[in-house]
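Hi,

Here is the structure I promised to pass on. Have a look at it first, and then read my notes below.

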Amino acid sequence: MSFLNELQTVFSPEVMLWAGLGVLLGTLVGVLPGIGPTSAMAMLLAVTTQMTPLSGLVMLAGIYYGSQYGGSTTSILMNMPGEVSSVVTAFDGYPLARQGKAGHALTVAAISSFVAGTIGLVLLTLFAEPLSNLAFYVKVPDYFLLLLLAMTIIVSLAGRSLTKGILSAAVGLLFATVGLDPVTGTPRLTFGSDTLLNGFSFASASIGLFALGEVFFNAESSVRGTLVSAVGKLYPSLREILGVVPTMLRSTAIGFVGGLLPGVSPSTTSFIAYDVERRIAKDPSRFGKGALEGVAGPEGANNATTSSGFIPLMIFGIPPSPALAVLLGAFLIYGLAPGPLLFSQQPDIAWGLIGSMYAGNVMLLALNLPLVRMWVQVLKIPYRILAPVIILLSVVGALSLRNNYFDVWVTLLFGLIGYLMRKFDFPLAPMILAIVLGPRVEALLRRSLQISAGSWTVFVSDPVGIALCVLIVLSLVGGLWQRRRLRHDQFD
Amino acid sequence: MRRGPASRLGKRNALESAIGLGLVIVGVVIVADSRSDYHGDRGSGTLGPGFFPTWTAVLVIVLALLLIAHNTVLREEPSAGGAADDVPEAPPPHRWRAIPTIGIACAYVGLIPTLGFGAASFLLVLLCMRLERAPWLQAVAIAAGCVALGVVARDYAFIELPTGLAGL
């Protein structure tokens, strides 16, 4: 198996070092409220270009899955999620902390995250290569439809308004078209400016939308949690741990399947896993008052989703979440094309990345349990210190890719856009996905229409195309129906 | 005077409509700019660089008009009593407390080329922390730490940061 051939690469000191640094930063980012993995990855994206592609990817991926671990600490101790995916963990984690069982909740969260993350990785290792072979049979028009489907699913699941979701994606596509046309090399939408010939840098857009936008938005928020700094006894009894093993396995299954679908974020699967556990519990009234299953379920699900999200990313180049969109941006900046050829042409990168996540998961377990008291201290860092540091790092991140000061202004512009989008409830995920996928979507659309001499029937010329078109329509209709039902429920 | 939920919602709708209008204008400008390149150099049968931006801009215009219609025509103006449920969880748009932060960020980005990254960063952190009433000593120490971070980025990550008048 190719994975075993690449073990030497995986366990090289360099990969281990960057994986360790990535998960450490990820845990830190997860612990700190007000800064998410997408912001952190975007800020460091350009800096990683100084490293080898594998080291950069390993570190960025470490930040992503490491943040899922760290987020639970803040949820449990402060009743305030460090990450969106840890919102549900607070439902039972915080009551446990108030009962003096914060240590128990943190340990169960860490073990559940580890178990789900590792099972997810085993499944990723087993299915990634066979699925990548399947991707070879996808034709150009079908590939375009597949990307469109990924975008429509994300649009249909993001935010409260379908119009705003599609608008967000469409504006993102427009941003992606600025600069030189990828097919003919002709300048477009530059309005005579030489600076715009290279287009908007993806790094600037992602740093602005996520890091600066969040800083600006948080300036208006005055929500602060109350820290329960007494961790108490760290390890629960073996009986308590064994009691939540079925929950861990169920949540792994939910999280893994959910992660394969674009737009299904770790936060969504953590809600589903929590709901499932509450529904099948013998005594559902325990939930919300400090049930360990209420911690193990969501934590397992969000980590399994994180692992399986790498399947659509690495096989089709489709990022299912904004953080993975940044990782896709990193692949492209390094000159790598995620897709079926990645496993055959760059097995060291593909397997090295997957392998590093096994090691990273073990490191996270070691980081999260014995060092939990250190993370409690980190939680005491006030946001007034973090906000200027994030602005400063955003400038460094924006400058480091092309060393062009115009990119800093672009970052600031996207920061304003990100702030306004948050304020007016426009989802960010469709925009960042559109910016990163835009050039490919356009190239595939134009190639498809060239193949068919301009006929749009090329998209429904085979059963795969017809099925994808039906799914695109269904995802949009489903999104519309879901929102109407939600509005109706709220009205009732 | 405190504004009620109905007034807040009305203002929010008006601001959203303004965003929609802005997007319509942007869309029209892009359609006008891209139309000439719609077919490219090789004749009317081919698709040029303007094809994709044109249709994307048309989509933006249509959706922006839908947003305006939704906020002005289709959405009923709620009564003061019944509007509370519809008010979004996000901070209401009449609270613009982010403006000073945005102003500081703009001033910081504007000052970097003149003052240099280190000096501008020192001022930024110091100002932000003092605005949040952090003790002077803590503010100076953290600001100096941030300058050190810039030096590390320049010397070890080889990122060319502007030096400016202060030479830092």
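Before the helix pairs, one term: a crossing counts as right-handed if the near helix is turned clockwise from the far one by less than a right angle, and as left-handed if the turn is anticlockwise. Also keep in mind that this is a predicted model.

**Two helix pairs in chain A**

With that term in hand, take α12(A) and α13(A), whose crossing is right-handed. Helix α12 covers residues 245-259 of chain A and helix α13 covers residues 266-280, and the two pack at an angle of about 145° with their axes 9 Å apart. From α12(A), the contact uses T247(A), R250(A), S251(A), I254(A), G255(A), G258(A) and G259(A). What α13(A) brings to the contact is T268(A), T269(A), I272(A), A273(A), V276(A) and E277(A). Sorted by class, the residues where α12(A) touches α13(A) are 4 nonpolar, 7 polar and 2 charged.

The other pair is α5(A), residues 53-78, and α6(A), residues 89-98. These helices pack at about 55°, with axes 6 Å apart. The crossing of α5(A) and α6(A) is right-handed. On the α5(A) side you will find S72(A), S75(A), I76(A) and L77(A), and they meet T89(A), A90(A), G93(A), Y94(A), L96(A) and A97(A) of α6(A). That contact holds 6 nonpolar and 4 polar residues, and no charged ones.

**A covered helix**

Is α14(A) mostly covered or mostly open? Mostly covered: 16 of its 16 residues are buried. I also checked its length.

**Two residues with positive phi**

L189(A) is not a glycine, yet its phi is positive, near 55°. You will find L189(A) in the loop between β2 (187-188) and α10 (202-218) of chain A. Buried or exposed? L189(A) has 22 other C-beta atoms within 10 Å, and the cut-off for buried is 20 or more, so L189(A) is buried.

D425(A) also has a positive phi, about 65°, without being a glycine. D425(A) lies in the loop between α21 (405-423) and α22 (429-451) of chain A. With 15 other C-beta atoms within 10 Å, D425(A) is partly exposed.

Chain B has 5 helices and 0 strands, which read along the sequence as α-α-α-α-α. Of its 168 residues, 31% count as buried. Among the contacts in chain B between residues at least 6 apart in sequence, 64% join residues at least 24 apart.

How many residues does each chain put into the contact between A and B? Chain B gives 54 residues and chain A gives 51. On the chain B side, the elements that supply two or more residues are α1 (5-34), α2 (51-74), α3 (99-115), α4 (117-131) and α5 (136-155). The largest share comes from α2(B), with 12 residues. By class, the side of chain B that touches chain A has 38 nonpolar, 8 polar and 8 charged residues.

Cheers

Definitions and conventions:
Residues numbered from 1 in each chain as written. Chains lettered and ligands numbered in written order. Predicted model: local features only at pLDDT ≥ 70, side-chain atom pairs only at ≥ 80, totals over all residues. Buried ≥ 20, exposed ≤ 12 C-beta atoms within 10 Å, placed from the backbone. Helix = DSSP H or I, 4+ residues; strand = E, 2+ residues; numbered from the N terminus. Contact = placed C-beta atoms within 7 Å. Nonpolar A, V, L, I, M, F, W, Y, C, P; charged D, E, K, R; others polar. Axes fitted to C-alpha atoms, helices over the stretch in contact; angles between N-to-C directions.
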